[in-house]
Amino acid sequence: MHNVTLTPEYDNQNGWQEILDTPAEPTILTGDIRCDYLIIGAGYSGLAVTRRLAELDPEASVVLIEGDRIGNNAAGRSSGFAIDHAHNLRAKSFADAQAAAIAGVTMNRAGLDYLDATITSHAIDCQWVKEGKYHAAATSRGEGMLDNFAESLDAIDEDYSMLGATECQEIFGTPYYTKALHAPHSYLVQPAAMVRGLADTMPENVSIYERSMVTSVEYADATAGSTNHTVHTDRGSASAPIIVLATNGFTEGFGFLQKHLIPLITWGSMTRELTDDESVRLGGHESYGIIAAHPAGTSVRRVTTPNNRLLVRNIFSFSKRSDFTSRVDWAAKTHRKAFESRWPELADVPFEHSWGGALSLSRNGEPVFGELRPNVYGTVVHNGVGIARGTISGKLLAEMILGHDSELLRQMLAKGRPNRNLPFQDLGVRINARARRMIAGREE
Ligand SMILES: Cc1cc2nc3c(=O)[nH]c(=O)nc-3n(C[C@H](O)[C@H](O)[C@H](O)COP(=O)(O)OP(=O)(O)OC[C@H]3O[C@@H](n4cnc5c(N)ncnc54)[C@H](O)[C@@H]3O)c2cc1C
């Protein structure tokens with residue numbers, strides 16, 4: 001029996017989740033159940049593996065177990081940029097590695113296509129719109145990064161448009177930004193509504209249990225004649241011959257990848273609903289998403305009706321245990337500064353929610369994908385592209401389990417795997433995060 005020693009601890013501060021209607025009471029796992037496939041974790045990866053297994057094997061029973069409420073996890077706490085190429089502008093090296101860059105974009109777009117098809121066919125109400133994303137600069141360093149990014153996009157034949165300061169002000173309602181690059185193929189979404197909608201529209205052979213944190217697991221042991229893995233929660237257990245861990249950085253708790261993942265928290269804050277008068281004061285377009293030119297800068301969303309709010313996200317902190325409470329005031333203060341410097345005329349508009357969410361990175365940026373031990377599979381580490389990459393990884397993992405083959409699957413399998421963390425990795429991450437914040441300067 002393996003005790004799951006690392007589990008997430010969530011608060012109820014996720015703005016995206018809190019502004020939705022209260023969800024129906026969850027179905028909690030009780031008693032002992034058996035199924036054909038058991039998936040742990042209902043973020044983007046877990047939802048995609050579950051749906052794809054159920055689609056491809058409609059006679060099988062597929063069970064998805066989530067420790068908290070769907071929508072309150074990192075997936076529902078994200079900023080809702082469903083993007084096709086990464087946030088960070090890798091400047092020259094991006095253009096140097098053209099084939100890899102094209103493959104990465106193709107992979108991400110396959111994830112977005114799968115989401116688009118699902119959301120459209122089930123009419124999931126989650127403000128899913130293909131508005132593209134703006135990378136915007138507020139410093140001359142940032143402007144230079146945008147130029148490098150444009151060069152990289154030219155090298156891989158991607159379309160985009162460049163905007164000057166006047167156009168930025170027309171769209172964003174602030175003179176803060178001096179230049180922006182608009183990349184048209186990304187979507188914006190209300191992330192908590194999306195993951196809840198994805199869960200609500202699963203094929204009939206799927207059962208979902210929430211508020212059912214897995215606290216221990218017995219892995220099958222063929223030498224002892226056991227072919228089922230069994231997971232235990234406070235009130236029940238579930239067994240299956242195949243399990244999938246879609247548990248983000250908490251996969252370490254299941255006995256895998258120790259010292260190979262870098263657990264981070266990043267933070268978001270959302271205003272209360274803007275009044276009509278404040279909307280007029282703000283000006284600009286009713287909906288957009290801005291990613292700072294500098295990777296350590298502030299992302300911004302203006303969220304349109306029915307919500308009409310502004311969201312800012314910035315800073316990263318190192319935390320294995322998803323400690324959201326002790327640092328949330330510190331994060332909110334940084335958000336306040338970013339907000340008021342962009343929209344001083346809205347300085348009297350308070351944040352209604354500030355929250356953190358768990359990310360897991362690897363030192364070399366490589367993902368966890370595939371079999372971790374016999375019939376135990378995992379898909380973890382989607383860097384800053386969790387919506388697209390988490391979804392396509394989950395979909396491809398299901399196809400791999402069922403013996404399908406495709407070019408994308410081969411590409412995913414050919415990727416490297418996370419390398420081992422350095423000694424004192426947490427200290428290194430903290431120093432790095434602080435240095436990057438200083439360099440980001442006004443773009444934070
Ligand atoms: C503030 C913020 C903003 C972000 N913005 C964006 C963005 O705009 N675009 C983008 O693409 N990405 C963004 N991300 C990243 C994205 O949210 C993550 O990459 C993505 O959620 C990872 O998906 P996942 O399925 O691997 O993990 P998660 O979404 O974390 O899902 C893992 C699930 O496993 C569950 N779990 C873990 N352990 C157990 C257990 N023992 N028992 C039961 N359940 C368990 C967790 O509760 C969780 O629900 C953002 C992240 C944050 C925090």
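Trainee: To begin with the setting, what percentage of the 444 residues in the chain do buried residues make up?

Mentor: Buried residues account for 49% of the 444 residues in this chain, and it should be kept in mind throughout that the model is a predicted one. The radius of gyration is 21 Å, which agrees with the value near 22 Å that a compact globule of 444 residues would have, while the C-alpha atoms occupy a box of roughly 70 × 45 × 45 Å along the principal axes. Within the chain there are 13 helices and 21 strands, and the domain assignment divides it into domain 1 (2-76 + 193-261 + 364-423) and domain 2 (130-188 + 263-363 + 427-443). The C-alpha centres of domain 1 and domain 2 are 29 Å apart, and the contact draws 24 residues from domain 1 and 22 residues from domain 2.

Turning to the ligand itself, both domain 1 and domain 2 contribute residues to the shell around it, so the ligand lies between them. Of the 43 residues around the ligand, those that come nearest are Gly41, Gly43, Asn73, Gly357 and Gly386. At least two residues of the shell are supplied by each of helix H2 (44-56), helix H3 (74-77), strand E15 (262-271), strand E19 (351-361) and helix H11 (386-401). Sorted by class, the shell around the ligand comprises 19 nonpolar, 20 polar and 4 charged residues.

Conventions: Residues are numbered from 1 along each chain as its sequence is written. This is a predicted model: local features need pLDDT of at least 70, side-chain atom pairs count only at pLDDT 80 or more; totals for chains, interfaces and linings use all residues. A residue is near a molecule or strand if its C-beta atom, placed from the backbone, lies within 6 Å of it. Helices (H or I, at least four residues) and strands (E, at least two) are DSSP runs, numbered from the N terminus. Ala, Val, Leu, Ile, Met, Phe, Trp, Tyr, Cys and Pro count as nonpolar, Asp, Glu, Lys and Arg as charged, and the others, Gly among them, as polar. Domain bounds come from an automatic or database domain assignment. Two residues are in contact if their C-beta atoms, placed from the backbone, lie within 7 Å. The radius of gyration is taken over C-alpha atoms; the globule rule is 2.2 Å times the number of residues to the power 0.38. A residue is buried if 20 or more other C-beta atoms lie within 10 Å of its own, exposed if 12 or fewer, and partly exposed in between; C-beta atoms are placed from the backbone.
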